[in-house]
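Trainee: Could you take me through this model feature by feature, giving the general idea first and then the case at hand?

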Amino acid sequence: FNDDEMLAQYITLVKTLALKLDSSTIHLFYNEQLNTFPLYTESIKLFGASESMVRTAVRTITLSVFKVENKMLRRYLVNDAGARFYFKVVVSFIIRQRDAILVAYNAHNVSLRSSFLSNIIQDALDVLFYIQDVFAIGIQLLNDQLADALLENVATPFLRLLFQKRITMYAVNKGLIQDQSQTQVVHHKEAL
């Protein structure tokens, strides 16, 4: 969408439709024969939109879709709709927010840094609460895919960095390596 106003109207319409979804209305939007669900697939494409209202609407739409009790739909979400890919997009958004927080924190302009940090932190918190909401729905296969995305893209790199620093410090203390700073730079780049 090139027009922000049109995008806002579109996503509001789609969100309104999604909020009406249940086991009796899902057949109006999910085509079991063709195995397509444009209301969902087109919405998740907008998760990374620059406008926070659009991102919030996408989260609302996906939560509404995830809550619908329909075996074919759930199979579609887990297998065909790329929930695994979608959750990686969600997690990568958190990583981008983390990086933006670090950049803003190190900025020299204190007043700009404060307002910018506030907005970024609020966006990150919104996504973390969204993740909590997805887990709370209780669909084990979706939860597994979300947990995998979090482990693979957030927890594992963090733990790798943490343990590599500890191992490097141990090796320097034992005299096994000479240049600690060189090793830490390499490990930090690998973890990111």
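**Reading the cavity, the fold and the surface**

Mentor: By the rule used here, the count comes to one cavity of 30 Å³ or more. A cavity is, on a 1 Å grid over the protein atoms alone, a set of points where a 1.4 Å probe fits but cannot get out; the points are joined across faces, edges and corners, and the volume is the space filled by probe spheres set on them. This is a predicted model, in which local features need pLDDT of at least 70 and side-chain atom pairs count only at pLDDT 80 or more, whereas totals for chains, interfaces and linings use all residues. Residues are numbered from 1 along each chain as its sequence is written, and side-chain values use heavy atoms, with hydrogens and water left out.

Trainee: Which residues line the largest cavity?

Mentor: Lining residues are those with an atom within 4 Å of a point, and here they are Ser52, Arg55, Thr56, Arg59, Phe93, Asp123, Asp126 and Val127, around a space of about 30 Å³. The lining divides into two nonpolar, two polar and four charged residues, where Ala, Val, Leu, Ile, Met, Phe, Trp, Tyr, Cys and Pro count as nonpolar, Asp, Glu, Lys and Arg as charged, and the others, Gly among them, as polar.

Trainee: Which helix gives the most to the lining of the largest cavity?

Mentor: Helices (DSSP runs of H or I, at least four residues) and strands (runs of E, at least two) are numbered from the N terminus, and the protein chain has eight helices and zero strands. Helix α3 gives the most to the lining, with four residues, while α3 (52-67) and α6 (110-137) each supply at least two.

Trainee: How many salt bridges does the structure hold?

Mentor: Side chains of opposite charge can pair when their charged atoms come close. With a salt bridge taken as a side-chain nitrogen of Lys or Arg within 4 Å of a carboxyl oxygen of Asp or Glu, the structure holds six. One of them joins Asp126 and Arg59 at 4.0 Å, N to O; Asp126 lies in helix α6 and Arg59 in helix α3, so the pair ties together parts that are 67 residues apart in sequence. Another joins Asp148 and Arg84, with the closest N and O atoms 3.5 Å apart, and this pair links helix α7 to helix α5 (residues 83-105) across 64 residues.

Trainee: Which residues form the nonpolar patch on the surface?

Mentor: A nonpolar patch joins side chains of Val, Leu, Ile, Met, Phe, Trp or Tyr within 5 Å, from residues with over 30% relative accessible area and no salt bridge. Here the patch consists of Phe158, Leu159, Leu162, Phe163 and Ile167, with about 510 Å² of accessible area together, computed by the Shrake-Rupley method with a 1.4 Å probe and only the protein chains shown as cover. Phe158 is placed in helix α7 (residues 140-173) and counts as exposed, because its relative accessibility is 53%.

Trainee: Where is Asn35 found?

Mentor: Most residues other than glycine have a negative phi. Asn35, in the loop between α1 (4-19) and α2 (38-44), has a positive phi near 55°.

Note on methods. 1 Å grid on protein atoms, 1.4 Å probe; cavity = no way out; pocket = protein on both sides within 12 Å on 5 of 7 lines; lining within 4 Å. Patch = residues over 30% accessible without salt bridge, like charges linked within 9 Å, V, L, I, M, F, W, Y side chains within 5 Å. Buried < 20%, exposed > 50% of the residue type's maximum accessible area, 1.4 Å probe, protein only.
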